[in-house]
Amino acid sequence: PAFLSALKIRILSRTPSDLTFSIQNLDPPIANALRRILIADVPTMALEDLTIHDNNSVIPDETLAHRIGLLPLAVDPRAFHPRDKAREMHTAD
């Protein structure tokens with residue numbers, strides 16, 4: 001493709017867990033597609049099930065639980081194991 005001839009990628013810093021780089025002369029839709037691909041490959045964690053016992057605020061429980069679920073968690077996701085939902089549903093009976 002023609003955009004590759006003017007493309008400039010510069011690595012600013014690199015560690016085993018982080019990479020900071022600069023891309024120049026790239027159309028915004030292509031840069032956005034690259035950003036989405038990179039975000040999809042980054043392991044993330046979020047609260048999935050949340051029980052609120054005593055909420056006396058004006059925010060409904062569902063809204064509060066949703067907002068808490070959006071908070072970023074500063075944890076190493078490799079230290080956790082994915083839940084086996086099929087097994088949990090079977091043992092819940």
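These legends walk through several close-up views of one predicted protein model.

**View 1. The whole chain and its parts.** Four helices and two strands make up the protein chain, and along the sequence they come in the pattern α-β-β-α-α-α. Here, helices (H or I, at least four residues) and strands (E, at least two) are DSSP runs, numbered from the N terminus. Residues are numbered from 1 along each chain as its sequence is written, and side-chain values use heavy atoms, with hydrogens and water left out. Because this is a predicted model, local features need pLDDT of at least 70 and side-chain atom pairs count only at pLDDT 80 or more, while totals for chains, interfaces and linings use all residues.

View 2. The protein chain averages 84, and 88% of the residues score at least 70. Confidence is highest in β1, at 94, and lowest in helix α4 (residues 85–91), at a mean of 63.

**View 3. Two strands side by side.** Strand β1 (residues 8–14) pairs with strand β2 (residues 19–24) in the antiparallel sense, over six bridges; to count as a pair, two strands need at least two bridges found by DSSP. Four residues sit between β1 and β2 in this hairpin. Look for K8, which stands opposite Q24 in β2.

View 4. Buried means under 20% relative accessible area, exposed over 50%, and partly exposed in between (1.4 Å probe, protein chains only). S22, in strand β2, has 18% relative accessibility, so S22 counts as buried. I9, in strand β1, counts as exposed because its relative accessibility is 56%. S22 touches K8, I9, R10 and L12, leaving aside residues up to four places away in sequence; a contact means heavy atoms within 4.5 Å. Across the protein chain, buried residues make up 3% of the 93 residues.

**View 5. A nonpolar patch on the surface.** I9, I11, L19, F21, L34 and L38 form this patch, with about 530 Å² of accessible area together. β1, β2 and α2 (28–40) are the elements that give two or more residues to the patch. Like charges are joined within 9 Å, and nonpolar side chains (Val, Leu, Ile, Met, Phe, Trp, Tyr) within 5 Å. Accessible areas come from the Shrake-Rupley method with a 1.4 Å probe, and for residues, only the protein chains shown count as cover.

Definitions and conventions: pLDDT = per-residue confidence, 0-100. Patch = residues over 30% accessible without salt bridge, like charges linked within 9 Å, V, L, I, M, F, W, Y side chains within 5 Å. Salt bridge = Lys/Arg side-chain N within 4 Å of Asp/Glu carboxyl O.
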